[in-house]
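Visitor: Hi, I'm new to this one. Could you walk me through it?

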Amino acid sequence: MKRALIFGATGGIGQAIAARLAESGWSMYLHCNRNWEEASDLARTLAEKHSLQDFMPIKLNFLAGDDQLKNFASSLLPVNAVVFAQGITNYDFLGSQSSQVIDQIIKVNLENPIKLTKLLESQLLKQEHSRIVYLGSVYGARAAPWKQSTARLKAGSAALRRPMPGKLPPAASRLMSLPQGRSTRP
């Protein structure tokens, strides 16, 4: 059974990705940070339409520390795909963002996705076919002045795909970064 882990499944883009994967026969973990009821409702709705697949809501705060990330990753059944659709978007100019806010954006949009990728990598490599998808910023490296920190960090996640392909079996695994503008929001 193909199983995906969708981080940020309760957001508009995450819900669209979940619906599309469900239509294609995927079972999935549906991640939320705070919206447990929304994740549970999404799982129920998808299960009603696709009764032969499993849809499991899961909760993880992306501000979590290393031990929490390890515990989370070790509690999962094997997955074939991981989609990072979570993130913080901050529309303030950098000068009006506190260092604490910038630290949170770094942790949620870049640091913990890297750590989770590391924790899930060996599991993904055991699969016949696997995928890791990072949703970047539609602005990429060129950001509007009011999205500097968000876009730069999303551009950083896009850069993750460059060094890794040589380490993954080329025919079986893919690492992708897609700008949000390439996806359709509901």
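Predicted model: local features only at pLDDT ≥ 70, side-chain atom pairs only at ≥ 80, totals over all residues.

Visitor: Thanks! How many helices and strands are there in the chain?

Guide: The chain has 5 helices and 6 strands. Helices (H or I, at least four residues) and strands (E, at least two) are DSSP runs, numbered from the N terminus. Their order from the N terminus is β-α-β-α-β-α-β-α-β-α-β.

Visitor: And what share of the residues is buried?

Guide: Of the 186 residues in the chain, 46% are buried. Buried means under 20% relative accessible area, exposed means over 50%, and partly exposed lies in between (1.4 Å probe, protein chains only).

Visitor: Let's switch to salt bridges. How many does the structure hold?

Guide: There are 3 salt bridges. The term means a side-chain nitrogen of Lys or Arg within 4 Å of a carboxyl oxygen of Asp or Glu. Side chains of opposite charge can pair when their charged atoms come close.

Visitor: Which residue pairs with Asp-41?

Guide: Asp-41 pairs with Arg-44, and their closest N and O atoms are 2.3 Å apart. The two are separated by about one helical turn because they sit 3 residues apart in helix α2 (residues 36-49). Asp-41 is partly exposed at 38% relative accessible area, and Arg-44 is partly exposed at 47%.

Visitor: What about Lys-115, which residues is it linked with in a network?

Guide: Lys-115 is in a network of salt bridges with Asp-66 and Glu-111. The Asp-66 to Lys-115 bridge spans 2.8 Å from N to O. That pair links distant parts of the chain, with Asp-66 in helix α3 (residues 66-74) and Lys-115 in helix α4 (residues 99-125), 49 residues apart. Glu-111 and Lys-115 also form a salt bridge, at 2.9 Å from N to O. Those two lie 4 residues apart in helix α4, so about one helical turn separates them.

Visitor: Now the packing. At what angle do α3 and α4 cross?

Guide: Their axes cross at roughly 40 degrees and come within 10 Å. Axes are lines fitted to C-alpha atoms, for helices over the stretch in contact, and angles run from 0 to 180 degrees between N-to-C directions. Angles under 35 degrees count as roughly parallel, over 145 as roughly antiparallel, 65 to 115 as roughly perpendicular, and the rest as oblique.

Visitor: Which residues meet there?

Guide: Asp-66, Leu-69, Lys-70, Phe-72 and Ala-73 of α3 meet Asn-112, Lys-115, Leu-116, Leu-119 and Leu-120 of α4. Contact means heavy atoms within 4.5 Å.

Visitor: Last one: how do helix α1 and α2 sit, parallel or antiparallel?

Guide: The axes of α1 (residues 12-23) and α2 cross at roughly 20 degrees and come within 11 Å, so the two helices are roughly parallel. Gln-15, Ala-18, Ala-19 and Ala-22 of α1 make the contact with Glu-38, Leu-42 and Leu-46 of α2.

How values were computed
Residues numbered from 1 in each chain as written. Heavy atoms only, no water.
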